[in-house]
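Let's take a walk through this fold together, strand by strand.

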Amino acid sequence: MKKGIDLTEHCVRSTTVVEGRMLTVKRDEVRLPNGNLSQREYVLHPGAVVIVPMLANGNIVLERQFRYPLQQEFIELPAGKIDQGEETLMTGQRELLEETGYSASHWVSLGSQHPCIGYSNEVIHMYLATGLTAGEHNRDADEALDVFDMPFEACMQMAQSGEITDGKTLVALFVAQQYLSKQYLSK
């Protein structure tokens, strides 16, 4: 990345506005690179993992669930927050099994994404999971999911048509598509 002028903002004072079970909202007074003061409000997030689970036939395992803040159902890839001290791969393995009942024998890191850089420090780590074996899910008491699978190409069509709008799912699908096309071309 090209380095130019220093754009770092320095915290002068930090206040916790709200501290919840998973999220903390902060308001900081910061000194800008030009010396002026400003305020930044942001959310501290523990981080998450999203999984692209691919069955032997090439289908992708998806979930349909209701998301309260937007009052609607969304089609998403399996995902979940990182527990304190947990490695990201362990989070992915745990969440895939808990939500879908599948376990995977092969995991590939697809990198990470920063979905909300203007107001959160959240990082979402992406994995492709293959060699899936079906089992019993172990969902949290507050999770209601409809798990299904569909061909990868149909997922991509839904992403392009606007039927899939969840950001983490869109990014993970497009990154997985690039990874898989490179794997196919290198054979």
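## The sheet around β5

Start at Ile60, which stands opposite Met150 in β10. Around this pair, strand β5 (residues 59–67) and β10 run antiparallel and share 6 bridges. A word on terms: two strands are said to pair if DSSP finds at least two bridges between them. Helices (H or I, at least four residues) and strands (E, at least two) are DSSP runs, numbered from the N terminus.

The model is predicted, so local features need pLDDT of at least 70 and side-chain atom pairs count only at pLDDT 80 or more, while totals for chains, interfaces and linings use all residues. Residues are numbered from 1 along each chain as its sequence is written, and side-chain values use heavy atoms, with hydrogens and water left out.

Back to the strands: β5 belongs to an open sheet of 3 strands in the order β6-β5-β10, with antiparallel pairing. At its edges are β6 (72–76) and β10 (146–151), and each of these pairs on one side only. On average, neighbouring strands here are turned by 30° against each other, direction ignored. Helix α2 packs on this sheet and touches β5, β6 and β10; its direction makes about 105° with that of β10. Contact means heavy atoms within 4.5 Å, and axes are lines fitted to C-alpha atoms, for helices over the stretch in contact, with angles running from 0 to 180 degrees between N-to-C directions.

Which residues of helix α2 are buried? In this helix (residues 152–161) they are Phe152, Ala154, Cys155, Met156, Met158 and Ala159. Buried means under 20% relative accessible area, exposed over 50%, and partly exposed in between (1.4 Å probe, protein chains only). After α2 comes Gly162, with a positive phi near 90°.

The loop between β5 and β6 holds Gln71. Its phi is near 55°, a positive value in a residue other than glycine. With a relative accessible area of 48%, Gln71 is partly exposed.

## The four-stranded sheet

Another open sheet has 4 strands in the order β7-β4-β9-β8, with mixed pairing. Because β7 (79–81) and β8 (103–113) stand at the edges with a single partner strand each, one side of each is left without a neighbour in the sheet. The twist from one strand to the next averages 25°.

β8 pairs with strand β9 (residues 124–133) in the antiparallel sense, over 9 bridges. To find your place in this pairing, look for Ser109, whose bridge partner in β9 is Tyr127.

The loop between β9 and β10 contains Ala134, which is exposed, with a relative accessible area of 60%. Leaving aside residues up to four places away in sequence, Ala134 touches Gly101 and Tyr102. Ala134 and Arg13 are 121 residues apart along the chain, and their C-alpha atoms are separated by 51 Å.

Strand β1 (residues 10–19) and strand β2 (residues 24–31) run antiparallel, joined by 8 bridges. They form a hairpin with 4 residues between them, and Thr15 stands opposite Arg27 in β2.

β2 also pairs with strand β3 (residues 37–44), again antiparallel and over 8 bridges. Here the bridge partner of Asp28 is Arg40 in β3. The hairpin of β2 and β3 has 5 residues between the strands, and Gly35 there takes a positive phi near 95°.

## The chain as a whole

Now zoom out. The protein chain has 3 helices and 10 strands, which run β-β-β-β-β-β-β-α-β-β-β-α-α from the N terminus on. Its C-alpha trace spans about 60 × 45 × 35 Å along the principal axes.

Of the 187 residues in the protein chain, 39% are buried. Among contacts between residues at least 6 apart in sequence, 54% join residues at least 24 apart. The chain exposes about 11500 Å², and carbon and sulfur atoms supply 52% of that area; accessible areas come from the Shrake-Rupley method with a 1.4 Å probe, and for residues only the protein chains shown count as cover.
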